Amino acid sequence: MKLDLKIQPLNTWIKPAQENQPLLIAGPCSAETEEQLVATAHLLAKTGRLSALRAGIWKPRTRPGEFEGIGSIGLQWLKRAKEETGLPTAVEVATAKHVEEALAAGVDILWVGARSTANPFTVQEIADALRGVDVPVMVKNPVNPDLSLWIGALERINNAGITKLAGIHRGFSSHEKSAFRNEPMWDLAINLKTHAPELPIINDPSHITGSRDLIPYVAQKALDMDMQGLMIESHIDPSVAWTDAKQQVTPSALDELVGNLTLRKPEIKSAEVKDALADLRNQIDKIDDLVIQKLAERMQIVEKIGNYKKDNGITILQVNRWDEILQKRTRYGKALKLDENFTEKLLELIHSESIRKQTEIMNSDSGIKENLTHA
Ligand code: PEP
Ligand code: MN
C-alpha cells in the first residue's frame with residue numbers, strides 16, 4: 001500500500017552542512033540555561049557539521065516532579081543561539097500553544113515527540129495549529145511499535161498542508177531486555193519507507209541507545225539503511241545534564257563521532273560492481289522463490305495433518321514434537337552457519353502459522369479467522 005503523502009524533497013528545507021557528510025541535527029536534550037544553550041550551540045556550530053540546532057523547551061516526562069522543560073523563555077535563548085551561530089533551530093511541540101509560540105519566536109523546524117505521536121487527539125491539535133503555515137515538521141515514531149500510529153500522525157500533519165515533512169526513527173519501547181533504551185525495530189522504519197519512499201527518515205540514535213557508547217553503532221547502521229540524516233543529543237557537559245545525561249555527547253565527541261561515520265551511496269557507479277550485484281541478486285531471487293514454494297508445500301502438509309487431527313480428536317499443539325523440531329532444526333542451522341536466534345525466530349513464525357492454519361481447520365464451522373500472532 002503506497003501512502004498518498006504530498007512531500008517536498010528534503011533539500012528544499014534542510015541540507016547536509018558539508019558535502020559527503022550526513023545531514024545532522026544536534027543540540028541538548030533540554031535547554032537548561034541561556035549560557036548552557038548558547039555555549040553548546042557555539043561549539044556545535046564550530047564543528048561545521050550541523051544543519052540545525054535542536055533543544056527541548058517543553059519536555060514530556062514520564063513521571064511528574066522531574067524537570068519539565070524551561071518553557072517559553074527557552075525560545076528567546078534559541079533565538080539568540082540562532083542569531084549568533086546562524087544555525088536554524090528545531091524544537092518539540094506538543095500543543096497548539098507550543099506551535100504558536102515556537103512560530104512566533106522564529107523557530108525554523110518543529111517536531112512531534114514520540115509520546116504525542118501515540119495520541120491522535122494531540123497530533124490533530126498540532127495539525128490544526130499548523131494549518132496555513134509553511135514550516136517543516138518532523139514526526140517521531142510513536143513510543144509503541146505501531147506503524148499505523150506513525151503513518152496516521154504523518155497523514156494528519158500532511159493533511160493540514162505541511163509538505164516539508166520527515167519522520168524521525170527514535171526506537172520503540174519493549175519489555176524485552178536489551179542493550180538499547182528503545183528497540184530500533186528497523187523493520188518498522190523500513191516498512192514506512194516502502195509505504196512512502198519519498199518521505200525522508202532521520203534517525204535518532206540518542207533515544208534509541210540511551211547510552212553514548214552505542215551511538216556510533218546505531219548511527220552507522222542508520223546511514224547504511226539509507227536514512228537521510230541523524231538527530232543526536234549534544235550537551236556542553238553531559239555529566240551534569242538535567243535530562244538524558246547518559247546519552248548526550250560533548251560537541252567535540254560529536255565532531256569525532258560524525259567524522260568517523262562512513263557515507264555509502266545507494267546508487268552503484270561501476271559497471272563491474274553492478275553486474276556482480278545483479279548476478280548475486282538473481283541468485284537470491286531464485287532461492288527466495290524456492291523458499292516460498294517449499295513453505296507452501298509445507299503448509300499443504302500441515303493442512304493434511306490438521307484434518308487428520310480433527311477427524312481423530314487429537315490436540316493441535318503437541319509440545320514435545322514442537323520442542324524436538326526446534327532443537328533439531330536449530331542445531332542443523334547452526335551446523336550450516338545460521339545464527340541460532342535467526343533459525344529459532346524463523347521456526348517460531350512458521351510454527352505459529354501452522355497452528356493458526358490448524359485452528360482454522362478445527363473451527364472451520366465457526367467462521368472465526370485469527371491473525372498470525374508473531375508478525
Ligand atoms: C527528545 O527528542 O528530546 C525527546 C523527548 O524524544 P522522544 O520524543 O523521542 O522521546
Ligand atoms: Mn532527550
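**Group meeting: a walk through a predicted model**

Let's start with Met185, which sits in the loop between β6 (165-169) and α7 (186-195). The phi of Met185 is near 40°, a positive value in a residue other than glycine. Most residues other than glycine have a negative phi. Met185 counts as partly exposed because its relative accessibility is 23%. For the cut-offs, buried means under 20% relative accessible area, exposed over 50%, and partly exposed in between, with a 1.4 Å probe and protein chains only.

A quick word on the ground rules. This is a predicted model, so local features need pLDDT of at least 70 and side-chain atom pairs count only at pLDDT 80 or more, while totals for chains, interfaces and linings use all residues. Residues are numbered from 1 along each chain as its sequence is written, chains are lettered from A and ligands numbered from 1 in the order in which they are written, and side-chain values use heavy atoms, with hydrogens and water left out.

Asn20 also has a positive phi, near 55°, and it too is a residue other than glycine. You'll find Asn20 in the segment before β1 (23-27). Is Asn20 buried or exposed? With 60% relative accessibility, Asn20 counts as exposed.

Now zoom out with me. The protein chain has 13 helices and eight strands, and its C-alpha trace spans about 80 × 50 × 40 Å along the principal axes. Of its 375 residues, 43% count as buried. Taking contacts (heavy atoms within 4.5 Å), residues 24 or more positions apart account for 72% of those with a separation of 6 or more.

On to helix α5, residues 120-130, where Thr122, Val123, Ile126, Ala127, Ala129 and Leu130 are buried. Why are they on the same side of α5? Because they cover an arc of only 160° around the axis, the arc being that of the directions from the helix axis to the C-beta atoms. The buried residues of α5 pack against α3 (96-104), β4 (109-112), α4 (114-117), β5 (137-140) and α6 (147-159). At the start of α5, a side-chain oxygen of Asn119 comes within 3.0 Å of the backbone nitrogen of Phe121. After α5 comes Gly132, with a positive phi near 85°.

Which residues surround ligand 1? They are Cys29, Arg54, Lys59, Glu92, Trp111, Gly113, Ala114, Arg115, Lys140, Arg170, His207 and Glu233, where near means that a heavy atom of the residue lies within 4 Å. By class, that shell has three nonpolar, two polar and seven charged residues. Here Ala, Val, Leu, Ile, Met, Phe, Trp, Tyr, Cys and Pro count as nonpolar, Asp, Glu, Lys and Arg as charged, and the others, Gly among them, as polar.

An oxygen atom of ligand 1 is 2.8 Å from an N or O atom in the side chain of Lys59. For Lys140, the corresponding side-chain distance from a ligand 1 oxygen is 2.7 Å, and for Arg170 it is 2.6 Å. Taken alone, ligand 1 exposes 300 Å², and the protein buries 97% of that; these areas come from the Shrake-Rupley method with a 1.4 Å probe.

Conventions: Helices (H or I, at least four residues) and strands (E, at least two) are DSSP runs, numbered from the N terminus. A polar contact is a pair of N or O atoms within 3.5 Å; within protein, one must be able to donate a hydrogen and the other to accept it, and residues adjacent in sequence count only if both atoms are side-chain atoms.
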